[in-house]
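Open the model in a viewer and keep the selection tool at hand. The tour has a few stops, and each one says what to select and what is there.

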Amino acid sequence: MIHYDFVNVVLMRLPPLNAVRAFEAVCRHGSILKAAEELNVVRGAVRQQIDTLENHFGSKLFLRDGRRLVPTLQASAFAAAASAAFDILQRAASELEGVVPGRIRLGVPSAFAIWWLMPRAADMQASLGDTVDIVPMTVVEPLQMHPELDAVIMGGEYRPAAGITALRFMADEFGPVARPSLAATLSSGPAAMGALTMLASRSVPKLWDEWFAESGTPPVVFSRAQEFEDLLLALGAARSGLGIALAPRASIEDDLHRGHLVAPYGFISRPSGYSLCCRTPDAKRPAFAALSGWLLHCGTSA
């Protein structure tokens, strides 16, 4: 009887599940409207659930940044834990029902998908069968923000969240790249890049800063900077001669081989490389083990 009462007391401390679900959706979308569309309810219902949760915790959970709702630092940590918990519950329910997804929806950075993964797609299908759906991602975000995906490939600095398993399958290098005609003007050293247009991607906004820091190169003041929505467009601009871009080597292998792009200062190793990230319960599935093995084989032979 005492044990039963103790369990009841603990359960009473948990917030309502519907309120947590609404809160987690608002955190992912930054919008009550989009969260309501996902949950197939009216906006007022989502607002009511957020009010319920704020009353439960006795504090505000969001700040407003223009039209976007931004969770507080503490609320953001709770949202990450809630997202991981919902993923675990969903998959546990599927296993209880005997439903195991036969395919893997794999989110991949667009440039990496086109220039590294797709040239190997035939080999992947021969090795794994028709089990992987490749979903290009313009903006690469952690798996916990994409419940519709089974796994994502992450590049650069990445720390797995709770409930996520990450397998590093390939190292990477990165460096400035440009058309041969532009690269020929840069023989005097990196400072010469200042005469060119810096091509940057909003999807990896710190890539240039990382290269300057990790290569030990003094930052360059460029004559002009041009931003693109994703790295794929920035590399396309470099290919057409608009300026100089900072690129992971894995994303431009074909361009280097064909001579469309040149790396005037070579490449330096990135500390983290590329990782396959999946939910921890899924890591034990045979399909994920096969995908992991294939990526490791290709990554070490790249």
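This is a predicted model, and the stops below visit a helix pair and then a strand with its partners.

**Stop one: two helices.** Select residues 17-29, helix α2, and residues 43-57, helix α4. At what angle do their axes cross? The crossing is at roughly 110°, and the axes come within 8 Å. Angles from 65 to 115 degrees count as roughly perpendicular, so α2 and α4 are roughly perpendicular to each other.

**Stop two: where the helices meet.** Now show side chains. On the α2 side, select Asn18, Ala19, Val20, Ala22, Phe23 and Val26. They meet Val46, Gln49, Ile50, Thr52 and Leu53 of α4. Colour these residues by type: the contact of α2 with α4 has 8 nonpolar residues, 3 polar and no charged.

Go to residues 244-248, strand β9. Are its residues buried or exposed? The strand is mostly covered, with 5 of its 5 residues buried. In a regular strand, side chains alternate between the two faces of the sheet. In β9, Ile244, Leu246 and Pro248 lie on one side, Ala245 and Ala247 lie on the other, and both faces are covered.

**Stop four: the partners of β9.** Pick Phe174 to find its bridge partner, Pro248 in β9. End at Leu199, which stands opposite Ala245 in β9.

Conventions. Residues are numbered from 1 along each chain as its sequence is written. This is a predicted model: local features need pLDDT of at least 70, side-chain atom pairs count only at pLDDT 80 or more; totals for chains, interfaces and linings use all residues. Side-chain values use heavy atoms; hydrogens and water are left out. Axes are lines fitted to C-alpha atoms, for helices over the stretch in contact, and angles run from 0 to 180 degrees between N-to-C directions. Helices (H or I, at least four residues) and strands (E, at least two) are DSSP runs, numbered from the N terminus. Angles under 35 degrees count as roughly parallel, over 145 as roughly antiparallel, 65 to 115 as roughly perpendicular and the rest as oblique. Contact means heavy atoms within 4.5 Å. Ala, Val, Leu, Ile, Met, Phe, Trp, Tyr, Cys and Pro count as nonpolar, Asp, Glu, Lys and Arg as charged, and the others, Gly among them, as polar. Buried means under 20% relative accessible area, exposed over 50%, partly exposed in between (1.4 Å probe, protein chains only). Two strands pair if DSSP finds at least two bridges between them.
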